[in-house]
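Please examine the sequence and the structure shown below.

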Amino acid sequence: MRYFLFLLLLLTFSNSASAESTKITIPGGILKPFYPPSEKETEIVVLPFKIDSLPVTNKSFLKFLLQNPKWQKEKISPLYADPGYLSQFKNTSQTDSSIEKKPVTYVSWYAAQSYCKAQGGRLPTENEWEFAAQASSTESDASRDPAFRKKILTWYSTPSSALKNVGENEPNFFGIFDLHGLVWEWVEDFNNSLLIPDSRTKGESDKKLFCGAGAFEASEKDDYATFMRMAFRSALKANYTVHNLGFRCAYDLATP
Amino acid sequence: MFKKIFLTLMMMSVFSTGFAKPASLYFYDNTLTDQDGKKVTLDVFKGSHVVAAMFYASCNYTCPVLISELKKMEAALKPEALKNVKILLITFDPEKDTPQKLKEVFTKHNLAETRWKLVSPPKEDVRTLASLLGVSFRKTPDGEYNHNTIITILDAEGVPVFTQEGLKEAGKNLSEKLNGFY
């Protein structure tokens, strides 16, 4: 009997732990990117910030749409989202319980930004996202752990099937779920990489094309997963909607 | 089977430039501040062709070349075109580029105030505007902006009709395109 009660209690708590998103405070630190944006930026200071423990769900996004009708797919300007916007919704006044707890996808950068602003927050910067995402379940910085990197790369090479619900995998060291293994996520400065169309010439940037951009150097060649994320981000345009691209929000430290 | 086709079509939307005609940028209607401190909106030159680009006043590298190419473009426009072409430059750096700073650019480069406007967006909208114009950029630790150069021609309704990538022969390409409309 006691065992049964304990199990029931455990089940209740494990359900509620991943049901609602909470704001997790990430302490500040130094990010050592595999692909530093410049020679001077091999160690980047990341100030403390808060971030959603879960990706934004279809349920939460629908709530936002009801309060902000101009972002509904019937009303949105083509400027702010391509034709694929919210394909998973039949229409925006109807909630589909089968997709409620899935991460919202087919959402453009403009829509994601607007959602986060409505929550009193913003999209995380790339540095913030990478800082939070380099944590494994046991280490705050597992970026140099080959086993951790391999795990992420395995996910990237697995063809995506049906989306799972948020919060079903193990959280990372900070208590954040699904930074890896569910969907790609928008960041505030997704278009901060200046990849030259023809980058076969190493070193010299085409100075007439770019203001100040340099060569794209890697410090360690074996974090292919990070490289894939950067390549993916730099291929995006702000109005793109993709079947496996979602987002979560970040907040300044002072935000309640 | 239907699901597969549906998914493929949706995937295609990632790579296509959209099934519909591109939209007018004037749908963005937040307030900008010009070089005279006046509040304007992006459609301030609606009715004319607008040559739009991002820049910043303290940029010492490509931005002076951008301005010089745009002046070359002006010089190469035939009279009917010149009457109906305006130039709109939007700064990456609204904090540093105050109206006074923007006005200094006018003086320094001897820009025609009847045809040019330099505007400062709300701080939180810089990347939105850059994204609308297809511009990628990064702010460096020392306050500079690394950015690509994209110059867009908007029609009288604010719909992009031509994109000039890079500064090589930019003035020539833009003036040829604009002269072709008149």
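Two strands pair if DSSP finds at least two bridges between them. Helices (H or I, at least four residues) and strands (E, at least two) are DSSP runs, numbered from the N terminus. This is a predicted model, in which local features need pLDDT of at least 70 and side-chain atom pairs count only at pLDDT 80 or more, while totals for chains, interfaces and linings use all residues. Residues are numbered from 1 along each chain as its sequence is written, chains are lettered from A and ligands numbered from 1 in the order in which they are written, and side-chain values use heavy atoms, with hydrogens and water left out.

**The open sheet of chain A**

- In chain A, three strands form an open sheet in the order β1-β4-β8, with antiparallel pairing.
- Its edge strands are β1 (23-26) and β8 (250-251) of chain A, each of which pairs on one side only.
- Two bridges join strand β4 (residues 49-52) of chain A to β8(A) in the antiparallel sense, and I51(A) stands opposite A250(A) in β8(A).
- Helix α4 (residues 126-133) of chain A lies across β1, β4 and β8 of chain A and runs at about 70° to β4(A). Axes are lines fitted to C-alpha atoms, for helices over the stretch in contact (heavy atoms within 4.5 Å), and angles run from 0 to 180 degrees between N-to-C directions.

**Strand β5 of chain B**

- Strand β5 (residues 116-120) of chain B is largely enclosed by the rest of the structure, because five of its five residues are buried (under 20% relative accessible area, with a 1.4 Å probe and protein chains only).
- Both faces of β5(B) are covered: W116(B), L118(B) and S120(B) lie on one side, and K117(B) and V119(B) on the other.
- Strand β1 (residues 32-34) of chain B runs antiparallel to β5(B), joined by two bridges; the bridge partner of D34(B) is V119(B).
- Strand β4 (residues 85-91) of chain B pairs with β5(B) in the parallel sense over four bridges, and L88(B) stands opposite K117(B).

**Helix packing in chain B**

- Helix α2 (residues 62-75) and helix α6 (residues 170-181) of chain B pack at an angle of about 35°, and their axes are 8 Å apart.
- In this contact, E69(B), L70(B) and M73(B) of α2(B) meet A170(B), G171(B), L174(B), S175(B) and L178(B) of α6(B).

How values were computed:
Buried < 20%, exposed > 50% of the residue type's maximum accessible area, 1.4 Å probe, protein only.
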